[in-house]
Amino acid sequence: MEELWGPSTSNSTCPSFVTGGSVCLPPVKIPFYFSPRQNIFDGILDIYVAAAAPVVGYWITSLIFFCLDISGWKWLDKYRIHESKEVKSRNLATPWQVARAVLFQHAAQTVVVFIGATESPEISIVRCQSDMEAFGSTLVWVVRLFLGEQTGLKFLELGGSGMTHWLYWWGIPAAQMLLALFVLDTWQYFTHRLMHMNKYLYKNIHSVHHKIYVPYSFGAIYNHPLEGLVLDSVGAILAARISCLSVRQTIFFFTFSSCKAVDMHGGYNFPFDPFQMMSSNNADYHDIHHQAIGINSNFAFFFIHWDILLGTRMTREDIEERRKKVKKT
């Protein structure tokens with residue numbers, strides 16, 4: 001049990017995990033990703049980092065893809081979804097128009113983050129210890145409820161301390177992040193689909209994004225300002241709030257989402273790309289959505305479950321099947 005969950009109460013200052021109506025935990029062992037500093041960077045509030053990090057991540061990721069585009073490396077050809085010349089010949093917006101619109105989107109996004117942000121609570125080892133003890137008490141109640149008094153107490157004495165540590169530092173944060181991704185994906189699927197199904201919204205708002213027929217990295221959030229607000233900014237803040245993310249979790253979530261958007265518009269179908277290894281919703285999947293044949297398909301952002309469940313998924317195999325049917329007729 002100790003190997004599975006981490007440190008137990010043995011050889012610590014605690015004689016047992018459950019002590020009366022509370023729990024006793026050994027001194028906090030901080031995981032590598034956590035900093036007990038009030039702010040990550042001296043003199044810069046974490047909420048400022050939450051606003052800036054997604055923008056920085058967006059342009060760094062875009063720069064990487066831009067360097068690949070101009071590199072001339074032949075080995076990249078087998079991973080390119082489109083020929084480079086197609087970007088110039090088929091897109092209706094110039095790179096300068098795209099860059100200017102994206103810079104405006106980032107400025108508006110930063111304002112929205114500041115409006116929706118809340119200051120970080122006190123960050124200290126003492127607070128972490130107190131929060132873990134409160135969580136441990138809840139864990140005791142849940143285990144007793146499902147396993148009974150005696151069995152529950154035996155189970156908790158074997159691994160209650162380690163389980164509390166693992167859930168507090170790893171289990172719950174991971175669950176929060178997955179929930180945030182699910183909420184944002186759900187929000188973007190249905191709002192994105194609405195913008196395609198409603199003729200007025202598509203013509204006056206979403207069609208701006210589809211001026212980029214052949215996607216490329218820094219055009220990921222080339223949108224109408226209203227779409228950028230509703231689809232991206234509001235959706236991300238809503239997901240963070242529903243998932244109860246801390247400011248630092250929000251920094252990671254916003255930055256990850258921003259880099260994921262660039263990656264799926266990057267124009268390369270790399271088998272070794274970490275973003276594309278996480279889900280079948282990759283650059284090739286989203287590229288189909290930007291083509292005339294798939295414009296009413298593949299609406300999701302992170303995952304593909306909504307597309308599958310609601311019949312809007314399209315693959316390269318589906319496209320080939322349609323073409324074969326057309327040839328037969």
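Analyst: Helices here are DSSP runs of H or I, at least four residues long, and strands are E runs of at least two, numbered from the N terminus. This is a predicted model, where local features need pLDDT of at least 70, side-chain atom pairs count only at pLDDT 80 or more, and totals for chains, interfaces and linings use all residues. Residues are numbered from 1 along each chain as its sequence is written, and side-chain values use heavy atoms, with hydrogens and water left out.

User: Fine. Where is the place of Thr250?

Analyst: Thr250 sits in helix α9, residues 247-264.

User: Is Thr250 buried or exposed?

Analyst: Buried, because its relative accessibility is 11%. Buried means under 20% relative accessible area, exposed means over 50%, and partly exposed lies in between (1.4 Å probe, protein chains only).

User: And what does Thr250 touch?

Analyst: Ala240 and Leu245, not counting residues up to four places away in sequence. Contact means heavy atoms within 4.5 Å.

User: What about accessibility for Cys67 and Cys128?

Analyst: Cys67 is partly exposed, at 40% relative accessible area. Cys128 is buried, at 6%.

User: Now the backbone. What is the phi of Cys244?

Analyst: Positive, about 55°, although Cys244 is not a glycine. Cys244 lies in the loop between α8 (225-242) and α9. Cys244 is exposed, with a relative accessible area of 58%.

User: And what is the phi of Asn298?

Analyst: Asn298 also has a positive phi of about 55°, and it is not a glycine. Its loop runs between α11 (283-290) and α12 (305-309). Asn298 is buried, at 0% relative accessible area.

User: You mentioned α11. How many residues of α11 are buried?

Analyst: Eight of the eight, so α11 is largely enclosed by the rest of the structure. Among them are Asp284, Asp287, His286, His289 and His290.

User: What do the buried residues of α11 pack against?

Analyst: Helices α6, α9, α10, α12 and α13 (316-328).

User: Next, where is Gly266 found?

Analyst: In the loop between α9 and α10 (274-278). Gly266 counts as buried, at 4% relative accessibility. Leaving aside neighbours within four places in sequence, Gly266 contacts Phe65, Tyr216 and Ser217.

User: How far apart are Gly266 and Ser279?

Analyst: They are 13 residues apart in sequence and 16 Å apart in space, C-alpha to C-alpha.

User: Last topic. At what angle do α5 and α6 pack?

Analyst: Helix α5 (residues 125-147) and helix α6 (residues 149-197) pack at about 135°, with axes 8 Å apart. Axes are lines fitted to C-alpha atoms, for helices over the stretch in contact, and angles run from 0 to 180 degrees between N-to-C directions. The two helices are therefore oblique to each other. Under 35 degrees counts as roughly parallel, over 145 as roughly antiparallel, 65 to 115 as roughly perpendicular, and the rest as oblique.

User: Which residue classes make up the contact of α5 with α6?

Analyst: The contact has 15 nonpolar, six polar and three charged residues. Ala, Val, Leu, Ile, Met, Phe, Trp, Tyr, Cys and Pro count as nonpolar, Asp, Glu, Lys and Arg as charged, and the others, Gly among them, as polar.
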